[in-house]
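Me: I have just opened this entry and would like to go through it with you. Could we look at it piece by piece?

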Amino acid sequence: MPAKIINRFPTWWLAGLSAIPALIWLLLQHYLYQRSGIQIPADAVFRYIPYAQDVAQGLNYDLGQDIRYAGYTSVIAGFLKAGLPYGYVVGLQVFLSLAALLLVQRLVAVITNSWLCSLIAALLVATSQDIQQWNFYVLTESIFTSTWVFCTAMLVLCRNRTAWVLGIPLWLFVCLVRPNGIFIIVAAAVYLFAIRFQTSSAVQRRKMLLGVGITAILFFLLLNQLLGPFTLVETYARGEIIYGTAYSNLTPPGSSMYRIEPPSTLQMPPTTASALGKLFLFFWHNPVFFLKLALVKGAVFIAFAKPYFSSAHNLFIFLTVYPCYLLSTQAFKNKRSRAVVVALFSLVGLQTLMVMFTVEDWDCRFMAPILPFIFMLGAIGLKQTVGRHFPAWDRIDSQTD
């Protein structure tokens, strides 16, 4: 059979194969809805919904701590204003989740030039209950995860500056869904910096590094404001590793497996200090305990699997997330897309640092926004590791590698 026919032969079923993640995603959505229905947890009852009701009644955006979630509460307010139930909020989250899944598949296809890698990444996202379950909760996690993917797709797939300008509202919205939405801005800056740095002269590189320094100062000033209302140092005093488990039925009576006993010499910073000032003073007075606490929280977060998860849940994590950790180390070998890889790693790293300086949540919902990027990095690493053994029809664009 001529080579031309061999290369064309799989095209019709490759298109069908590409639809499998969306079909599996649909089945999982049905299962999750049948299992739990629409969930309105305490955070929604006491934080998001009351704020959304105020916004719906008179565009009353209170400037307290909850303004940091104004993007999400505005979405809820829109449906409340229209007289629609919370099921419509969930419906929007489900729709955006599907769009994010398709974009993950497209992103990996563009980065790796591989049907198989894009299929694998999409399958991992589609089958991950730790991502998809939040679609049915009136919480920020679902929209936050989807919009992070949208911003990444705009950054990588859109080459038109006009599209970037038109996308500014999306970037601003992400920053107001959750306080750590600013991480996607940092990742975008890392991406653009990596692209320009490779082709810049020595003088230009020095100017760019100076710009990074100035930007870092501004970032920390903004971070100090964002962290203001949060009681970070107070959780340090309790030695909490996983929020809520120190006093819940998840922790066996008398156990300290989810907390570290603070030393008797623990010194607390003054309550009048700024947020970053408290962090610095706590570290200054308790360096060993601070580092121990931060490293353990980071390790627990990245480990992901938990003793109170089901065996099937932990097995899924072992078989999907852990291999992606290993494969992601090979993603840097893709020179053509190194800037994208660095940006994805920066998102994962910033989210991990956030948990190290705050606290892990018992339901691991802080992991959901970065799981698509971990799966993408794993797929990129897979292409770099064994891509040379893939069949010829796997290449999407035969002119590129």
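Me: Are H3 and H7 roughly parallel or antiparallel to each other?
Reply: The axes of helix H3 (residues 20-36) and helix H7 (residues 115-127) cross at roughly 5° and come within 8 Å. H3 and H7 are therefore roughly parallel to each other. Angles under 35 degrees count as roughly parallel, over 145 as roughly antiparallel, 65 to 115 as roughly perpendicular and the rest as oblique. Axes are lines fitted to C-alpha atoms, for helices over the stretch in contact, with angles from 0 to 180 degrees between N-to-C directions. Helices are DSSP runs (H or I, at least four residues) numbered from the N terminus.

Me: Which residues make that contact?
Reply: H3 brings Ile20, Pro21, Ile24, Trp25 and Leu28, and H7 brings Leu119, Ala122, Leu123, Ala126 and Thr127; contact means heavy atoms within 4.5 Å. Nine of the residues in the contact of H3 with H7 are nonpolar, one is polar and none is charged. Here Ala, Val, Leu, Ile, Met, Phe, Trp, Tyr, Cys and Pro count as nonpolar, Asp, Glu, Lys and Arg as charged, and the others, Gly among them, as polar.

Me: Before we go on, what sort of model is this?
Reply: It is a predicted model, in which local features need pLDDT of at least 70 and side-chain atom pairs count only at pLDDT 80 or more, while totals for chains, interfaces and linings use all residues. Residues are numbered from 1 along each chain as its sequence is written, and side-chain values use heavy atoms, with hydrogens and water left out.

Me: At what angle do the axes of H9 and H18 cross?
Reply: The axes of H9 (residues 141-157) and H18 (residues 338-357) cross at roughly 155° and come within 11 Å. H9 and H18 are therefore roughly antiparallel to each other. Trp148, Thr152 and Val156 of H9 meet Val340, Leu344, Leu347 and Gln351 of H18. That contact of H9 with H18 has five nonpolar residues, two polar and no charged.

Me: New topic: how many cavities of 30 Å³ or more does the structure hold?
Reply: The structure holds two. On a 1 Å grid over the protein atoms alone, a cavity is a set of points where a 1.4 Å probe fits but cannot get out, and lining residues have an atom within 4 Å of a point. Grid points are joined across faces, edges and corners, and a volume is the space filled by probe spheres set on the points.

Me: What lines the largest cavity?
Reply: The largest cavity, with a volume of about 80 Å³, is lined by 14 residues, of which Ser97, Ala100, Ile131, Thr145 and Ser146 lie nearest its centre. H9 gives the most to this lining, with five residues. The lining of the largest cavity divides into seven nonpolar residues, six polar and one charged.

Me: And which residues line the second largest cavity?
Reply: Among them are Thr152, Val156, Ile184, Tyr191, Val340 and Leu344. The second largest cavity holds about 70 Å³ of space. Its lining has 10 nonpolar residues, one polar and no charged.

Definitions and conventions: Helices (H or I, at least four residues) and strands (E, at least two) are DSSP runs, numbered from the N terminus. On a 1 Å grid over the protein atoms alone, a cavity is a set of points where a 1.4 Å probe fits but cannot get out, and a pocket is an open set with protein on both sides within 12 Å along at least five of seven lines; lining residues have an atom within 4 Å of a point.
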